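I open this notebook to record what I looked up in one structure. The entries go from single residues to the whole chain and back.

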Amino acid sequence: MSQSINLLGQSRSSLERFFEDLGEKKFRAKQLLQWIYHHNGRDFSQITVFSKALRDHLSSVATLETPKVLETHRSHDGTVRWLLQSSLEDAVEAVLIPDGKRSTLCISSQAGCALDCSFCATGKQGFNGNLTTSDIVGQTYLVKNWLREHQPDRSLTNVVFMGMGEPLLNFQSTVDASSLFMDDDAFGLSKRRVTISTAGVVPMIEALIGQSEASLAVSLHAANDSLRDELVPLNKKHPLEELLAACKNYLTSLEGRRSVTFEYTLIQDVNDQDRHAKELIAFTRRIRSKVNLIPFNPFPRSGYKRPSIDRIKYFQSLLLNNGVVATLRMTRGDDINAACGQLVGNVKDRTRRKLRHERDYWESIATDISNLT
């Protein structure tokens with residue numbers, strides 16, 4: 001091996017193959033996983049269960065590299081946002097959200113996002129590429145160790161793929177990372193506490209069957225195709241009926257009474273009216289599910305507004321009164337731009353989408369000024 005391999009984020013099966021190639025037994029993979037993730041190991045020379053020869057060899061052919069921390073921001077509500085340098089040399093974001101006894105980490109799967117949902121700041125930044133499994137796992141490893149150092153009374157309880165990017169368009173890295181999150185020899189999280197969120201990449205939801213037992217969340221935001229086409233352009237390719245069928249198939253593949261979470265960002269006068277609630281009620285009754293209502297988090301040039309708190313709570317009451325389990329995600333970390341839909345990082349946009357959105361915005365301003373004069 002002429003080039004060092006980063007063992008952080010390697011799946012159990014990959015590590016087993018790695019050790020077999022070294023002439024070692026497969027059980028070395030289990031020992032290494034426990035050493036890295038249970039004991040915060042960073043220096044191969046300290047793995048006392050390995051022979052000195054193996055320790056020396058690992059030091060010469062392998063590394064344990066984590067993403068570089070570029071910035072750390074802490075909110076008044078306890079939310080923490082990290083700007084991290086990925087292997088693509090983009091800056092991506094991870095956000096830790098403390099809530100009672102729970103500590104939820106929102107991680108990124110791509111540098112930017114290939115989709116262009118109209119209400120999401122990340123998509124307006126364009127897209128550069130997929131993060132590696134090491135990039136993804138590295139976010140979680142860093143934050144777990146940050147908690148150990150700065151908040152030892154609190155542990156990481158939940159990981160959600162709801163940061164920058166569409167996880168299912170980075171399928172294998174997402175599956176491999178989530179497997180490590182649920183592996184008892186690694187992070188050891190419950191399969192109900194690892195959530196893959198998708199805008200509705202139907203073929204990849206189907207591909208999850210037999211590959212993952214993570215919880216599934218779907219960025220819905222509208223329960224009729226015409227409106228969802230506007231908010232989530234992917235809907236034009238995979239409309240609601242296809243999406244619903246794929247979600248049902250995935251739930252059927254899981255053990256226990258599992259449900260899908262539908263994320264629904266409430267936008268003033270766009271999808272927050274009574275008729276939209278009725279459509280959502282009818283849609284969710286067709287599958288075991290719950291709804292997570294998210295007040296829209298403003299960002300520059302979005303053109304959207306957040307509904308009033310009275311309207312938000314009324315919309316929620318319509319769902320609850322009709323038997324829909326509907327939670328309200330309180331806005332967290334908006335003072336450090338860490339709220340849902342606000343993550344932007346610093347992406348080398350090979351789609352040139354960011355430039356296009358900025359040009360369209362300034363052209364609209366010029367048109368408005370011209371009309372006034």
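**Entry 1: a residue in strand β9**

I began with Val160, which I located in strand β9, residues 158-161. The model I am reading is a predicted one. I then checked the exposure of Val160 and found a relative accessible area of 11%; because this is under 20%, Val160 counts as buried. Leaving out residues up to four places away in sequence, I listed its contacts as Thr104, Leu105, Cys106, Ile107 and Thr195. I also looked up the C-alpha separation of Val160 and Ser197, which is 7.3 Å for two residues 37 apart along the chain.

**Entry 2: the chain as a whole**

I next recorded the overall figures. The protein has 12 helices and 14 strands. Of its 373 residues, 53% count as buried. I noted an accessible surface of about 17200 Å², with 47% of that area belonging to carbon and sulfur atoms. Among contacts with a separation of 6 or more, 67% join residues 24 or more positions apart.

**Entry 3: the largest nonpolar core**

Which residues touch the most other members of the largest nonpolar core? I found Leu32, Tyr37, Phe181 and Leu319, in a core of 101 residues. Helix α9, residues 240-253, supplies the largest share of this core, with 7 residues. I kept in mind that nonpolar side chains tend to be buried together in soluble globular proteins. For Leu32 I wrote down the contacts beyond four places in sequence: Leu7, Leu15, Phe19, Phe44, Ile47 and Phe50.

**Entry 4: a residue in strand β11**

I turned to Val218, in strand β11, residues 215-219. Val218 has 0% relative accessibility and counts as buried. Its contacts, neighbours within four places set aside, are Thr198, Arg228, Leu243, Cys247, Val260, Thr261, Phe262 and Glu263. For one of these, Leu243, I looked up the C-alpha distance to Val218, which is 9.1 Å across 25 residues of sequence.

**Entry 5: helices α10 and α11**

Two packed helices are described by the angle between their axes and the distance between the axes, so I looked up both values. Helix α10 (residues 274-284) and helix α11 (residues 309-320) pack at about 35°, with their axes 9 Å apart. I recorded the crossing of α10 and α11 as right-handed. On the α10 side I found Asp274, His276, Ala277, Leu280 and Ile281, which meet Arg311, Tyr314, Phe315, Leu318 and Leu319 of α11. The residues of this contact comprise 7 nonpolar, 1 polar and 2 charged.

**Entry 6: an aspartate in helix α5**

Is Asp135 buried or exposed? I found a relative accessibility of 8%, so Asp135 counts as buried. Asp135 belongs to helix α5, residues 133-150. Apart from neighbours within four places in sequence, I listed Pro67, Ser86 and Ser87 as its contacts.

Lastly I looked up two backbone angles. Asn40, not a glycine, has a positive phi near 60°. I placed Asn40 in the loop between α2 (27-38) and α3 (52-61), and its relative accessible area of 29% makes it partly exposed. Glu89, also not a glycine, has a positive phi of about 70°. Glu89 is in the loop between β4 (80-85) and β5 (91-99). At 55% relative accessibility, which is over 50%, Glu89 counts as exposed.

How values were computed: Residues numbered from 1 in each chain as written. Predicted model: local features only at pLDDT ≥ 70, side-chain atom pairs only at ≥ 80, totals over all residues. Heavy atoms only, no water. Helix = DSSP H or I, 4+ residues; strand = E, 2+ residues; numbered from the N terminus. Buried < 20%, exposed > 50% of the residue type's maximum accessible area, 1.4 Å probe, protein only. Contact = heavy atoms within 4.5 Å. Core = buried A, V, L, I, M, F, W, Y, C linked by side-chain atoms within 4.5 Å. Areas by Shrake-Rupley, 256 points an atom, 1.4 Å probe, with all protein chains shown as cover. Axes fitted to C-alpha atoms, helices over the stretch in contact; angles between N-to-C directions. Left-handed = near helix turned anticlockwise from the far one by under 90°. Nonpolar A, V, L, I, M, F, W, Y, C, P; charged D, E, K, R; others polar.
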